[in-house]
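Here are my notes on helix packing and salt bridges. Please read them with the model open.

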Amino acid sequence: MSMYNQGIKGNQPEFTYYSILLHTINKDHKSLQEIYSNMNDTVMVSDEVERGIQYGQAFNTGNVFKFFQMYRLERGYGKFIIDLFIDEMRKWGMKLILKAYGPKEIPVNLFIQFLGFSGFDQQVENIQGEIIVGKGPRVKTFFNPKRMSTAILHATRNLGLIRLNRDQFQQADFLMHNKYSQHFKEGQMLNWVPGVKYLDEKVKYGQSLLDYDRIYGGYNGYKSHLSNPVQYGIFFNKMGHITESEQAFLDNAKDGMYILKSSTAYGGDDIQLITDVQEFKQAIKLKGEGKKDGKFNTGKEYIIQKYIEKIALINNKKFDFRSFMYIACTDPFIVVYIPGYVRTTMRDYDLENTDLDIHIGNGIFQRDFPDYWKILRKSSYDIRKYKEVFLKQYDVKEKEFDKLIAKVKAATTYGVTAVKDKLSKNKGDISLMAQDIVIDENLNPFIVEFNLQPYSVLDNPCFEQIIPDIMGDWFDSGLSLHGFTREQIIEESQKDPKFVCNFIQRFNCEVLINDAINYNFLDDFNVQEYYGRQ
């Protein structure tokens, strides 16, 4: 790439394609992100790069058929690159096929067709039927494919967890069907933990934090204000009186910018920026009188948060910092932290401009920007790339980045600790959640919300690289722990408090909570060291 930048002629799209292909197969995510970050617009929209992206999507989602179908049609030197790894690639494909089909006879022709051997160019029919499978005779899983996102279906199908028809493969919510109890059988698993709404629903989460602060006085010196914006529940669905939370807003809210969000909406839906605090207070007062103001009161339940105005930026743009956590087991309760990614907005940050696309990184507000899909490839990158950006931007040593991540882990741990008693204790219930975080100018992270339905569509190279791995590790850890008895989990945890990390192969694993040995990340978190005297 540096030679092209120096003006040396050559077919840049073609050789960029070869680089993408090589680094994809080697799982060299860092090099891939550097390629996309340094790519000019002409190369970005070339057919060669698009083909490289298609290979990456197939490889990272375990789509064996698509990968080898492209391989059979390959006419350039890309075929020779794949041939360097072809034996390992076919072993990879065979393992996925065996997982997906389970313990039954598989025709030899299927392997020939799926794994790119010559002479078989006909299309392979979609696998029919839906099955419930697991690891070992004790384990059975129940995942409802009609209520899961496309990316998650890709991951679960190719991990051998479910098999489905094409008409079941559709964009939908990542939630268990609300009538799961009609189908659920003893010993099966749920892909969400009943009670997790106390994290996901914003008003319930905010109230849980206040209750935990008040009842327990925090945890080892840690309290919710360290990592959560000031927030109040607003109940426009309860006319004729003013609630305690609304009165607190009337008494305490100062001028400035606030963000108003529906308690249960997601995906950027029903969000407003509030810049006139007095006008909003008047809407609450009218609501207390049983009247609607005509602007804010839609009859719904909302959370209003103090907007973090002085924030850390990347190239003068606001960015989302999203991390993940697994509730890998509920009996005993075990929670694991997983690093995620950052994604910048398209436009420069301007506190005086109230356009939502400047302040909200959600794609629904960003997609109207010219060349959004091209820029997205350069503006989204995983935590390893962000670490490089962070160290360069602030000219600090690595320990400062580690300090930031420790604060993120502490914030996540406190949030989960505050609602833990409200979650089910049914062995086999597991959940994957994302934490959306804003970092202020002093490099303190604030959780703006937990998200039970994290965006999982593989629409940029960063997501193609990390989302399938996040899903894979989640299922692997949840299924593996379900294969242990409660007593075995306690015994293994006593030997190694982080033994669950043995089942998480794709990311650095950090256990936040393990009730099997009464471990909590905050036990060893020195608040004064990270935040100063409180």
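1. H18 and H19 are oblique to each other, a term for angles that are not under 35 degrees (roughly parallel), over 145 (roughly antiparallel) or 65 to 115 (roughly perpendicular). Helix H18 covers residues 383-394 and helix H19 residues 398-419; their angle is about 125° and their axes lie 10 Å apart. H18 passes H19 in a right-handed crossing, meaning that the near helix is turned clockwise from the far one by less than a right angle. Axes are lines fitted to C-alpha atoms, for helices over the stretch in contact, and angles run from 0 to 180 degrees between N-to-C directions. Helices (H or I, at least four residues) and strands (E, at least two) are DSSP runs, numbered from the N terminus.

2. On the H18 side, the contact (heavy atoms within 4.5 Å) is made by Ile383, Tyr386, Lys387, Phe390 and Leu391, and on the H19 side by Glu398, Glu400, Phe401, Leu404 and Ile405. Seven residues of this contact of H18 with H19 are nonpolar, none is polar and three are charged. Here Ala, Val, Leu, Ile, Met, Phe, Trp, Tyr, Cys and Pro count as nonpolar, Asp, Glu, Lys and Arg as charged, and the others, Gly among them, as polar.

3. A word on the source: this is a predicted model, in which local features need pLDDT of at least 70 and side-chain atom pairs count only at pLDDT 80 or more, while totals for chains, interfaces and linings use all residues. Residues are numbered from 1 along each chain as its sequence is written, and side-chain values use heavy atoms, with hydrogens and water left out.

4. H18 also packs with helix H3 (residues 29-38), at an angle of about 65° and with axes 9 Å apart. H3 passes H18 in a right-handed crossing. From H3, His29, Lys30, Gln33, Glu34 and Ser37 meet Arg384, Lys385 and Glu388 of H18. This contact of H3 with H18 has no nonpolar residues, three polar and five charged.

5. Helix H2 (residues 12-25) and helix H5 (residues 47-60) pack at about 10°, with axes 8 Å apart. H2 is therefore roughly parallel to H5. H2 contributes Pro13, Glu14, Thr16, Tyr17, Ile20, Leu21, Thr24 and Ile25 to the contact, and H5 contributes Glu48, Val49, Arg51, Gly52, Tyr55, Gly56 and Phe59. Eight of the residues in the contact of H2 with H5 are nonpolar, four polar and three charged.

6. How many salt bridges does the structure hold? There are 25, a salt bridge being a side-chain nitrogen of Lys or Arg within 4 Å of a carboxyl oxygen of Asp or Glu. One of them joins Lys295 and Glu279 (3.3 Å, N to O). Lys295 is in the loop between helix H14 (277-288) and strand E4 (301-306), and Glu279 is in helix H14, 16 residues apart. Lys295 is partly exposed at 49% relative accessibility, as is Glu279 at 33%; buried means under 20% relative accessible area, exposed over 50%, and partly exposed in between (1.4 Å probe, protein chains only).

7. Glu510 and Lys409 form a salt bridge through their side chains (3.2 Å, N to O). Glu510 belongs to strand E10 (residues 510-514) and Lys409 to helix H19, 101 residues apart. Glu510 is buried, with 15% relative accessible area, and Lys409 is buried at 15%.
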